[in-house]
Amino acid sequence: MRFDVTCSPSSPEFPIYAMPPNFYRRVADALADDALRATLTRSTGLLRQQQAAGFADSAPFEELQAAARALRQDALDRLPALLVQLEAQARARGVEVFWAPDAAAARRYILALAEARRVRQVVRSHAAAVEEIGLDAALADAHINVILTQVGDYILHLAGDTPSHPVHPALHWRKEAVTQLFEQHLDVPQTLDIQSLANVVRFKLRRPTLEAALSVGGVALAVAETGTLALASGDDRLAVASTPIHVAVMGIEQVTAALEDLALFLPLYARSAGGQSMPDHVLLLEGPAPADAADGPRELHLVILDNGRSDLLRWGYGEALTCIHCGACHNVCPVYREIGGQAYSPRGGGPIDSVTLPLLPSLPVQETAGRWPTAARDRRQDAQPAAQTGAEPRPAPALRGAPLAPLPHASTLCGACSAVCPVGIDIPRLLIRLRGDLAAAGELGKRERMLRRLYRWGTQDAANLPRLHRLLRSARLLPDWPQPASQTFHARWRERRGL
Ligand code: SF4
């Protein structure tokens, strides 16, 4: 069977909307899948080695981390002013700027643009902000073909699978399985040479990419002082060069003050994501290409997406927005390495997503429909970009009904994520705070609430622990809970020391 490289409404793609919503079920499935866990262990181990090697010839990691943290925090502190400056500079260079308060507004803008220009084929690069707005499904519904340029995205599309990593969405796929997939769908001979597999995809995508009229991608960072859009994804290059219209989608936090900041962030991202000293390709877009240019988009649009981020800032979770999506925290997380990103949410996930996903509204339709309280929904619909509202800290969010509320508990709080994070986000601290907010919002289910009360009772007095163990095992609430030691640690210590 030959595969049509584009996505159409008649094909059963975008299974992201059909994933079962139950987090615990996804975790159980992942833990029961030995092949998945072996692949995760091998792939994340390789990425960890690459990251460590990537910093071997750089300035000390801690120095870079401190500098990056300071710059990202400064950008967040001045976010409203920087965004206004970015908009003014970008407009002055001929960029159309659209403020999207939520994912639906961003989708509507891009769809209206595509319809106005009679676009039938869109090239979509790998970008978290673009995936967040659910553009693929919206374009497919509008009978517009979508060409996925990233090899990992392409594999997932062929397989009807969902992403598991921010940089390497098909991280959980073994090359043996990929080559079988390609043989089955693309009618090409099997090979285990990774470069040959990548070339197959490039060959398949080249012509439709060149024929497309519109491309959509993300930005690594946008520079406020110059209006420059920095793109650091290799698959952006051909798409941006060849399509007459390009739309860049960025979250409101993806702004930095000065052009020179890129000299810190681009290598830092590349080293953290894959151990390279610089990204393979860097594009600095400074407005549409002139009419006589050999390539480049004649129309350039920038969608600045809020989609709940202003709420995150006001709720005091802004630190999570300093993330540069390098994936390093995923590679070291002992939970992620066992269950993979697909278990976190239908859109993928990892340590930092355990903070943001329960707070942001950009969840797959089936998981969000009817789950958020009216007040919270209204607040998000009223949300203005932070540039227009300021970011005053305010009390914790009302989270009842957040469909991914269990995520903050999917952590051992070991701190490995913070240690490798190039911008030094204190993920464990944010997770602990979010756990508290979830409990205060009554987000814990009946079972968890009862278990917590029992646990408190059982651990307050050493004599209670064996009773609690018997109770929970006989009620089959925690059948695998190991037998508690017959003596307390202090009793054993005294006994051994003869005290
Ligand atoms: S939280 Fe830090 S380590 Fe994790 S993806 Fe974001 S920047 Fe990378």
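User: How do the residues of the shell around the ligand divide into nonpolar, polar and charged?

Analyst: For classes, Ala, Val, Leu, Ile, Met, Phe, Trp, Tyr, Cys and Pro count as nonpolar, Asp, Glu, Lys and Arg as charged, and the others, Gly among them, as polar. Here the shell has 11 nonpolar residues, three polar and no charged. Before we go on: this is a predicted model, where local features need pLDDT of at least 70, side-chain atom pairs count only at pLDDT 80 or more, and totals for chains, interfaces and linings use all residues. Residues are numbered from 1 along each chain as its sequence is written.

User: Which residues come nearest to the ligand?

Analyst: A residue is near a molecule or strand if its C-beta atom, placed from the backbone, lies within 6 Å of it. Of the 14 residues around the ligand, the nearest are Cys323, Cys326, Cys329, Ile352 and Cys421.

User: Is Phe55 buried or exposed?

Analyst: Count the other C-beta atoms (placed from the backbone) within 10 Å of the residue's own: 20 or more is buried, 12 or fewer is exposed, and in between is partly exposed. Phe55 has 20 of them within 10 Å, so Phe55 is buried. Across the protein chain, buried residues make up 46% of the 499 residues.

User: Where is Phe55, and what is Phe55 in contact with?

Analyst: Phe55 lies in the loop between helix H2 (34-54) and helix H3 (61-77). Helices (H or I, at least four residues) are DSSP runs, numbered from the N terminus. Two residues are in contact if their C-beta atoms, placed from the backbone, lie within 7 Å. Leaving aside neighbours within four places in sequence, Phe55 touches Phe61 and Arg271. Phe55 and Arg271 are 216 residues apart along the chain, yet their C-alpha atoms are separated by 6.5 Å.

User: At what angle do the axes of H2 and helix H12 cross?

Analyst: Axes are lines fitted to C-alpha atoms, for helices over the stretch in contact, and angles run from 0 to 180 degrees between N-to-C directions. The axes of H2 and H12 (residues 262-274) cross at roughly 145° and come within 6 Å. Leu47, Gln50, Gln51 and Gly54 of H2 meet Arg271, Ser272 and Gly274 of H12. By class, that contact has one nonpolar, five polar and one charged residues.

User: How do H9 and H10 pack?

Analyst: H9 (residues 175-186) and H10 (residues 194-211) pack at about 35°, with axes 11 Å apart. Their contact has six nonpolar, one polar and two charged residues.

How values were computed. Helix = DSSP H or I, 4+ residues; strand = E, 2+ residues; numbered from the N terminus.
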